[in-house]
Number of protein chains: 2
Amino acid sequence: MRNGYGILFLLLLFHLAVPAQEPVDFVNPFIGTSNYGATYPGPVRPWGMASVVPFNVAFKKGAENQFEKDSEWHSRPYVAENKFLTGYSHVNLSGVGCPELGSILLMPTHGQLELNPEHYGSTYQDEVATPGYYAHTLDKYSIKTELTATLRTGLSKYTFPQGQSHIILNLGLGLTNETGAALKILSETEVVGHKLIGTFCYNPEDVRPVYFAIKFSKPATNFGAWKKMPPFKGVEAEWTKYNDTIKPYPQFRYELAGDDIGAYFSFETENEEVVYAKVGISYVSIENARQNLQGEQPDFNFDKTRQDARLTWNNLLKRIKVDGGSKDDKTNFYSALYHTLIHPNILQDANGEYPLMEKYGTGNTSENRYTVFSLWDTYRNVHPFLSLVYPEVQSQMVKSMIAMYKESGWLPKWELLGMETSVMVGDPATPVIADTYLRGIRDFDIQTAYEAIKKSATAPDSVNKLRPGIGKYRTLGYIPENHYENVWGTVSTSLEYNIADWNLAQLAKALNKKEDYRNFLKQSASYRNYYDPSTGMLRPRMEKGEWLTPFNPKAGANFEPVIGFVEGNAWQYRFYVPHDIKNLIKMLGGKSRFIKELQLCFDDGNYDMANEPDITYPFLFNFVKGEEWRAQKMVNQLIHKHYFDGPAGLPGNDDTGTLSTWLLFSMLGIYPHCPGDMSYAIVSPTFDKVTIALNANYYPGKELTIEANKSSKNAIYIQNLEVNGQKYNRYFIDHDTLVKGAHLKFELTETRKP
Amino acid sequence: MRNGYGILFLLLLFHLAVPAQEPVDFVNPFIGTSNYGATYPGPVRPWGMASVVPFNVAFKKGAENQFEKDSEWHSRPYVAENKFLTGYSHVNLSGVGCPELGSILLMPTHGQLELNPEHYGSTYQDEVATPGYYAHTLDKYSIKTELTATLRTGLSKYTFPQGQSHIILNLGLGLTNETGAALKILSETEVVGHKLIGTFCYNPEDVRPVYFAIKFSKPATNFGAWKKMPPFKGVEAEWTKYNDTIKPYPQFRYELAGDDIGAYFSFETENEEVVYAKVGISYVSIENARQNLQGEQPDFNFDKTRQDARLTWNNLLKRIKVDGGSKDDKTNFYSALYHTLIHPNILQDANGEYPLMEKYGTGNTSENRYTVFSLWDTYRNVHPFLSLVYPEVQSQMVKSMIAMYKESGWLPKWELLGMETSVMVGDPATPVIADTYLRGIRDFDIQTAYEAIKKSATAPDSVNKLRPGIGKYRTLGYIPENHYENVWGTVSTSLEYNIADWNLAQLAKALNKKEDYRNFLKQSASYRNYYDPSTGMLRPRMEKGEWLTPFNPKAGANFEPVIGFVEGNAWQYRFYVPHDIKNLIKMLGGKSRFIKELQLCFDDGNYDMANEPDITYPFLFNFVKGEEWRAQKMVNQLIHKHYFDGPAGLPGNDDTGTLSTWLLFSMLGIYPHCPGDMSYAIVSPTFDKVTIALNANYYPGKELTIEANKSSKNAIYIQNLEVNGQKYNRYFIDHDTLVKGAHLKFELTETRKP
């Protein structure tokens, strides 16, 4: 029978391979599932609340399971190298850096009922994943699992062998470090409950319940709940039957609560009998989870759901149409686009209800309410990308951010399911909103947004929730070391405030607030206080102005903690003033030293493609006339070194699409080098032709096209560029020009322009 | 201020002491709180669902806390010797032998909020307990706590010092071994939830939720939930703030579930400011718990609730009016009566709903639905006692038992909150129902009851849930050793079946079912198969008839496990055929040997006053003419040896009133020596005069009076007895005579009748 599946699998591959002409067919969801990319291969809709992910990070099992979720800092529900599955999780995060969600696990098993996941887990084979679909076969049970999803539901199709088959719900196992769940079996086909999630990045107070409703297509002949019992000692240990083991509660129908609980449903199955399980998710209530399930998945129509998912993905992906390039190029591009369109995801239920930001209660919205704002990552390129290609979505994301301000008094920093986790540094909501407005997306309440932005830029230390250290930042012009307990990385934090203030200044200018413009523009240049001419570095300072000593600009690479910097070293932050590069060049002693040092950053291993602070650096070569070829070359090298069609084909944690978006812009040949700056740096595009359909509700143009005539396969240098048929000599291009429907035509050669 | 309380306490004592003429004023709820009596001093209504008990059995604390609930087989929420309080539990069992309930703990504290019970616990002083009231003062916080209760609610009055005061809800700590709870803070004055209880006597599958609703009289200025976090290791341990410790969730308003959770409410209090907490209980739903609270405790009227409780108790207690006797005699008597009227308690909510027996779902009743049927204990004397004095209650208890049969298919054995825990042996529901019917209480469905009784007496091994071993018992006439895995104590179990069958025979006779009468009467004598003439003992046998060898009739005392017997040895079961004593006498070789052996049972230390199998033995002397003085003497000795006004004033576990009822009958001078037998053994009464008001709905007489003229204080021998003015020469008296309104008049002397 396993051979039978194998043939079926090959047939299926063949069937899917033949018409592989649609963008969706190029997506490989396995990209990023190794090398700490932290993406997952399971089905999810674009910006979907629910996803169904093969969960394979529990238990060390020698070569079978190398990566164990609790034995390292582990934020992945699935790792390509691992092979020991313990269920399918129904709430998941893609490309984040802390363990969270990976919860509400369903596991199909067969034979004698076994409730210990270490024992019921199984290896698998014949993995297939396409957008909205995942399948494999469990070795231990010869069960074929197929998964698909709608926005707020997951649908699983289990093809069982003949005999006693089971579906086990596990609410104890998961990626989240938060414990606690409750469930209630309503009938032989339904179980509902909630699971506490949160403590994201070990922020202890961030917890909330996720609610679920699960239905099976076939009534269970037997069912029950289970709970892991604590260890007993002494007399109690002699008497109790379940000592530090899993205790079943057959036929239990009451509420069951605990740290490590679940349920099981047993079925008498014929050979190859299919049983479906569908799971509705809500962050508001069990009732809403049931309604979401009923509304989005009234039956168990797997094929229709799978096709809907594919179609939905394809409709979004095809806004960017690519011609030419290799199959790998297309795979890398569309897989990156796919990964970029997962977060921020919707939070509201089908009835519009969602949990309020940072306070108890339920809001209601007729638009989308987005959540999972990893803004320190995404403000750099994801939101500019969405603004360009999916402005209607970016608009609603900004509306969500403004609603969060109204609900909680503050814009988000790292928002998760209505919780402000306060992860990372800076004030990234400001550039997101300013950038969005300046790009021409203005159907949101800019007055309230401005009020919110200015509040975080000016509120004093005692009350400022977003900008720790703001007092000294504003009075001294920098955040000194050893003054604030709550400031992580004085230099990095100040640099982030600088770019936020520069964005605030740009927004003020657009809104004709001249004084604000002047003040915040001035403030945005305060990084200069960190410039140490003796090292040419931005260097931490003490309150009285003295430099932090000793100081090693290379210390702090590879996420090693270092004084003054956040997830990076002085080298990696050396050029991070994207809004003021011209002055940076001057400060460093002029263009030639700037180019030398910037090149050294790459040549000497100081550039980290796997984290955000320096990802804009390759494009900075464009700031020096005649040196743009370096950007073209470097970007091309980085693309080919770090991005490829395989699980390790992302340079590191995708950071909810930020690393994927780097690839998208880089392959398009345009990169928004500074949020809030409406200019894109130009590098050599990858494809022969790219057509981006522009949203007529936001932009005057119908489509943006980028053509490239390559002299050869390895032509990576820009020999010539025409914009709208006119020769174009600059290596930057305005957003405004692009969204009017520009036609960019490149000529690329193997050798750089003389 | 502590001195101030001291004076207040003395004044209170004095105030209560002056009018101490009502029965309720003689009750000392502390009796049985030491010596493993397993009673509790906290307030409870007669047959009440809720109670509020100072919980002092957590944590070993040297001399302060000698008895720790998990370090021994511990079924007590409160122990007199202990002094370290960790809260007040709102569901409790009185006088049971396995750890259960003792849950839903509220603890008032003061000062810095501390959530670890080992740290927030406190010693206390100035304890006062009367029916419906308990008070003490916490040393650590100078908080005075006063407790009272209604049927389904507890009300606590905390008098706080000035400053930051707290009330902590703890759902993790408790006597039950079952884990798991969920809660939701609804507002700054209300929290609701459920707690899983069960696994009674380590029966793994017996679990159910108890629901609660808690309201405070003052809005909390701060509140939150908390949860004990699991241990983390490695990288996670470095990052997590709460590693194997209690984590607070400030302002948390969502559902919180887990093994070890709770909530806290903080108040700014003035000096001596009172904050009340009221707790509604339900075994059906949170909504019912809220309704019970609203209905029974709409305000926070502590004094009224306390007075109502006192009045309710007094109205019940005064059905037996005693004159004469010492203050200690009255204290012992009314305290025993008080303890007898706690279980079985009501299970239904104010709206009539209750959880069905052994299946999921809710029933509804207009009468009381009783629960906590520890029938192996209570069939011996508690139910005969209730039948005599509170027949309207006994009637509803039997109706509850019949309803359980209808719901689950079987009568109860050890029923707890709708669960059949199957604790202990035999078929004790049969004698309870037969005895009740034969005493003249007949307003229940005797046809269904008979059907239920006969089912358990005849259903074969394969399906018989109540009588394991029934196959061989019926075919061989005894249960052989090493045949059944599920039979605990072959001899004991057979003896229990014998008395059940004898009761069934008596009931059959009353219902004119002659064949059943003959068959079961014959079956009831099958204990004779265990009689081993060589030892004079009832001795375990093997399937082919051979005796169990080796055999030590003394092995098995003090609850040591022994083959063939249940919580006792061969000596303690030697005379346990109360329905067939005349034959036992014959079997043992006649009256003089019987008397000799029976006396030896006491003299040689083979009698255990602390457990049920032999508690009827002192009265068996009455079966031999001229030897009745031995019963009078022995009962008198046992009363004075084992029962007194102090925490250790019960011989052992009260077994939901069974040991207390032994005292009640013994002090009255009449003892129902065999359930189903309408005869009482007569011994010397304690009081000068006792008047028992008879319920006119059941009995023809208005009152039963027992008078005793004592020649001196130490007169314990019956010199003369008149019944209704006629000289009475027998030492047994019929139920029928008593309930016609008999007047018994004893003359007692210091020396026995010549």
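Strand β6 of chain A, residues 143–149, and strand β7 of chain A, residues 153–160, pair in the antiparallel sense over 6 bridges. Strands here are DSSP runs of E of at least two residues, helices are runs of H or I of at least four, and both are numbered from the N terminus. Two strands count as paired if DSSP finds at least two bridges between them. Within this pair, A:E146 stands opposite A:K157 of β7(A).

Before I go on, a word on the source. This is a predicted model, in which local features need pLDDT of at least 70 and side-chain atom pairs count only at pLDDT 80 or more, while totals for chains, interfaces and linings use all residues. Residues are numbered from 1 along each chain as its sequence is written, chains are lettered from A and ligands numbered from 1 in the order in which they are written, and side-chain values use heavy atoms, with hydrogens and water left out.

Let me place the two strands in their sheet. They belong to an open sheet of 9 strands in chain A, with antiparallel pairing and the order β4-β5-β6-β7-β16-β11-β10-β9-β14. Which strands stand at the edges? They are β4 (124–130) and β14 (256–258) of chain A; each has a single partner strand, so one side of each is left without a neighbour in the sheet. From one strand to the next, the twist averages 15°.

Helix α4 of chain A, residues 286–296, lies across β7, β9 (181–187), β10 (190–198), β11 (207–216) and β16 (273–282) of chain A, and runs at about 130° to β16(A). Helix α5 of chain A, residues 302–317, lies across β5 (133–138), β6, β7 and β16 of chain A, at about 50° to β6(A). For these angles, axes are lines fitted to C-alpha atoms, for helices over the stretch in contact, and the angles run from 0 to 180 degrees between N-to-C directions. Contact means heavy atoms within 4.5 Å.

A:R310 lies in helix α5 of chain A and A:D25 in the loop between α1 (2–17) and β1 (53–54), so the pair ties together parts that are 285 residues apart in sequence. Over all chains, the structure holds 58 salt bridges.

I turn now to the two chains together. The same surface serves both copies, as 98% of the contact residues of chain A recur in chain B.

At the interface, 48 residues of chain A are in contact with 47 residues of chain B. The two chains bury about 4,100 Å² between them, 61% of it on carbon and sulfur atoms; buried area is the accessible area (1.4 Å probe) that two parts lose on being put together, summed over both. In chain A, the residues that lose the most area to chain B are A:E236, A:Y254 and A:Y360, together 18% of what that side buries.

There are 4 salt bridges between chain A and chain B. In one salt bridge, the side chains of B:E178 and A:K247 meet at 2.6 Å, N to O. On the side of chain A that touches chain B, at least two residues each come from β9, β10, β11, β12 (222–228), α3 (234–239), β13 (246–250) and β14 of chain A. Of the elements, β11(A) gives the most to that side, with 4 residues.

I close with some local backbone features. The peptide bond from A:H343 to A:P344 is cis, with omega near -15°, and A:P344 is found in the loop between α6 (327–340) and β18 (345–346) of chain A. In chain B, a cis peptide bond joins B:H343 and B:P344, with omega about -15°. Phi of B:Q251 is near 60°, a positive value in a residue other than glycine; B:Q251 lies in the loop between β13 (246–250) and β14 (256–258) of chain B.
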